[in-house]
Amino acid sequence: MAIKPAGTLYRGKVGMWSWVLHRISGVGIFFFLLVHVLDTALVRVSPEAYNIVIESYKTPVVGLAELGLVGAILFHGLNGLRVIAIDFWSKGTKYQSAMFWVVIAVTVIAVAGFTPMHLARVFGH
Amino acid sequence: MSVTIEVPNRPRTRKQANWEKYGWLFMRVSGPLLIVLIFTHLVVNLVLGDGIKAIDFAFVAGKWADPFWQVWDLAMLWLALIHGTNGMRTIVNDYAGQVKVRRALTTTLWAVCALLILLGTLVIFTFDPCPAGASAELLASFCPAQ
């Protein structure tokens, strides 16, 4: 009886997925940073110009996107600390998986705490 | 069965500085600094007080009237842009196969980075929290026009 070969999909587990998430969150934050430097630069144009553009940050759609931005920044920053620990701490590779779940847990808890506060401001009057 | 590995008869030598190493090190030094800078930025601007609802010209003026926040935001601007651009360069190196494409993208990235650092630095240091001729209701409470 022929043995059906297992799939050849690379299964890097937590190490691979943390790397993927770090890249995606990093690229997202980078492009937001470009926009954010430009919108802040409008304070040098006039108070009116800055206020008009910053009002768009308080609309429901952008307000919801800000939750994703905050989550991406938290994950990227904390996972960066995990990468540093893997590089410089002698037990880093042993605990890399546990550290990943700590990063995820802290990110989820912080975003969960921020969400009701932020959405009340965005959707409130 | 044993595998014989050739013993290198001389160490690898370089004539130039190891920029990849400095880049690698920069990411690990700027990273923790950016965590302090940006996490505080998020708490002050999005959590404390009225959060996003309170942000307008007068809010920014109130912060940048204080040299502490000028230096804070300046450090954030430089470190975040260099950290982000170097990260994008790493990604470009991974996926852009052709030398020409890679060079064009990397050059564009650093040009944009330099331009935004220059713009942001000028904005922070030439900013007037109480611009003459602006309508009083848009200005911070400490402005004479108020």
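**Confidence first**

Mentor: Chain B has an average pLDDT of 92, and 98% of the residues score at least 70; pLDDT is the predictor's confidence in each residue, from 0 to 100. This is a predicted model, in which local features need pLDDT of at least 70 and side-chain atom pairs count only at pLDDT 80 or more, while totals for chains, interfaces and linings use all residues. Residues are numbered from 1 along each chain as its sequence is written, and chains are lettered from A and ligands numbered from 1 in the order in which they are written.

Trainee: And what are the ipTM and pTM scores of the model?

Mentor: ipTM is 0.89 and pTM is 0.89.

Trainee: OK, chain A. How many helices and strands are there?

Mentor: Four helices and zero strands, where helices (H or I, at least four residues) and strands (E, at least two) are DSSP runs, numbered from the N terminus. The order from the N terminus is α-α-α-α. Chain A has a radius of gyration of 20 Å, well over the 14 Å that the globule rule gives for 125 residues, so it is more spread out than a compact globule. That radius is taken over C-alpha atoms, and the rule is 2.2 Å times the number of residues to the power 0.38.

Trainee: What does the C-alpha trace of chain A span along its principal axes?

Mentor: About 75 × 40 × 25 Å. For chain B the trace spans about 85 × 30 × 25 Å.

Trainee: How much of chain A is buried?

Mentor: Buried residues make up 20% of its 125 residues. A residue is buried if 20 or more other C-beta atoms lie within 10 Å of its own, exposed if 12 or fewer, and partly exposed in between, with C-beta atoms placed from the backbone. In chain B, buried residues make up 15% of the 146.

Trainee: Which residues have the most contacts inside the largest nonpolar core?

Mentor: A:Phe75, B:Ala80 and B:Leu81, in a core of 15 residues. A nonpolar core is a set of buried Ala, Val, Leu, Ile, Met, Phe, Trp, Tyr and Cys residues joined through C-beta atoms within 7 Å. Two or more residues each come from H1, H3 and H4 of chain A, together with H3 and H4 of chain B. H3(A) gives the largest share, five residues.

Trainee: What does A:Phe75 touch, beyond its neighbours within four places in sequence?

Mentor: A:Leu21, A:Ser25, A:Val103 and A:Thr107. Apart from that core lies another, of eight residues, among them A:Val43, A:Tyr50, B:Phe57 and B:Ile124.

Trainee: Last one: what covers the buried residues of H3(B)?

Mentor: The cover includes H1 of chain A, along with helix H1 (19-47) and helix H4 (99-126) of chain B. Among the buried residues of H3(B) are B:Asp73, B:His83 and B:Met88.

How values were computed
Contact = placed C-beta atoms within 7 Å.
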